[in-house]
Amino acid sequence: MGPGVLLTLLFIVTPFVLSIFLSFTNQRLVPNLNIPTEFIGFRNYERVLGRPDFWNALGNTGLFVALIVPIQGAIALGVAMLINSKLPMRNLFRGVFFIPTVMTMVVVSVIWAVLFRIDGFFNQFLDLLSFGMLGPVDWLTNETTAMGSLILLSAWQGFPFQMVIYLAGLQAINPELYEAAKVEGSTSWQTFRHVTFPSLRNTHVFIVIATTILGFKLFTQVNLLTQGGPQGATETVVQLIYQNGFQQGKVGFASALSVVFFLTVLLISIAQRYILTNEETK
Amino acid sequence: MNNGFASVARLTLAVFILVVVLAPIMLMFATSLKGDEQQILIDFGTWRAFWVFPGDISLENYRQVLSDVQAPLLRFLFNSAVITVSVVVVGIFVNSAVAFSLSRLEFKGRGLLLAVFVSLIIIPMEALAVPLLLMMNRVGWLDTYQVQIVPFIAHPFSIFLFYQFFTKLPRDLDDAAYVEGASPWQVYWGLALPLSLPVIATVAILQSLEIWNSYLWPLMVTRGVEARPVSLALAQFFGTPPPIWGDVMAFSVLMSLPVLLVYLGFQRWFIQSAVNAAIK
């Protein structure tokens, strides 16, 4: 086990400790001889928390998470229930539905860039639906639609992963519960509300926490399609870390951002786990 | 009668979802096979964006992207393959060995070490990228394969999955082997590892998708083409205006094809690995 522990120490624990250490310095990526690296106390944290662009990025990332978790979760559960019903050729459908998840986000972004074009599919569709009254919209450079567009393509790529997890959860539900509901004459909505949904509690907890963490890492789509624009409407925390730490070489400041980012993800996961598992005991 | 209606409705819905899932992928394939860039731009505004007529199929875009000396696509694919295979293969041995020691060997601080590994799962790579970049810069690893391989071999989540599997293996098996005079190493190598094939598959699939698709890290640590992986190469090719869509899509197809083929061959394993990752 020696190599594994050593590699973990070197490449996970060391950078983690280093990020805390560096966040109290004005370390730069390329050392500048005129500005010696020194401890500057909490100044990086004061700057992070005092800058509107940090709160904007955190707000955008939070909005992305708050929307993608329920949207993607609902789609995944719906499709999983469809496959789990007496659907013919269900293995074929399940196999094809899973494909987006094995596609690389870079490829997905490239394809959806075409669909979002000013003369692309979504504008033609909007034009058709509104009899030419609406549009065309420049989806990715419009402040009100840019984030929604990113959510749509992210949900398309991400839903199959949750779908197969929900499917496994559905198959683990005791069939006797459904029999009992049938005997009592429940409608299918009542069965869903009182049998299916509550029986999936552990699956919901996993899906919510895992999707939240994934959502907070939002970067590739943004970096490729909007670069955080328009007017910062899709700026995210990771994009900010990348810009400050790599493009501008401000390692100290970016480390403070990283620490705040990590603490945010940690606190939200703990809070979610606490709230979601405590409901069980009610 | 009612049942018949319901199953037709379900099938219709399933076909609708099938179309939504496949349409963007069809667009990628169709566009990559159209030789005329003007026609591609016209088609983008119609349903023909998703289709190519057999008579119009041309491999011109593929010829172009494969012969581009400035962006050697085969080199990028090779780079990604080397990086992904190295991380996954070495990772399987390293991570399973850690997990085996944690589950089977008695030593001081075992419980603490296990707790540390479990808590490391939650640290996102994105939060470590900047200090790691500084470290790699200092040791002069930028623009190499090892900068994209070595830091990602140890994988706390894989260790956790192996650990769970090993703790469920009956102890009687190892006890029998120890009675026959086997060393812990022999038990690990000859007994535990061969039995853990399902976990190996799960870990290999999850980790290889993560590495093949990585974007932020290669963006920070590669400058030239020598060690650049294909995901980053495609991003840069796409980001150089104006995009030549036929070429961009041919590039995308060539990047996706290896993964799609592996997926078609091991479909059940892929789906099972997603489920295994979730059930803790």
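Modeller: With contact: two residues are in contact if their C-beta atoms, placed from the backbone, lie within 7 Å. By that criterion, 63 residues of chain B are in contact with 67 residues of chain A. The model is predicted: local features need pLDDT of at least 70, side-chain atom pairs count only at pLDDT 80 or more, and totals for chains, interfaces and linings use all residues. Residues are numbered from 1 along each chain as its sequence is written, and chains are lettered from A and ligands numbered from 1 in the order in which they are written.

Colleague: Which helix gives the largest share of the side of chain B that touches chain A?

Modeller: Helices are DSSP runs of H or I with at least four residues, numbered from the N terminus. Here α1(B) gives the largest share, 13 residues.

Colleague: How many residues of that side are nonpolar, polar and charged?

Modeller: Ala, Val, Leu, Ile, Met, Phe, Trp, Tyr, Cys and Pro count as nonpolar, Asp, Glu, Lys and Arg as charged, and the others, Gly among them, as polar. That side of chain B has 51 nonpolar, 10 polar and 2 charged residues.

Colleague: What does B:A129 touch?

Modeller: Leaving out residues up to four places away in sequence, B:A129 touches A:I241, B:L216, B:W217 and B:M220.

Colleague: And chain A itself, how many helices and strands does its secondary structure have?

Modeller: Strands are DSSP runs of E with at least two residues. Chain A has 14 helices and 0 strands. Its C-alpha atoms fill a box of roughly 80 × 55 × 35 Å along the principal axes.
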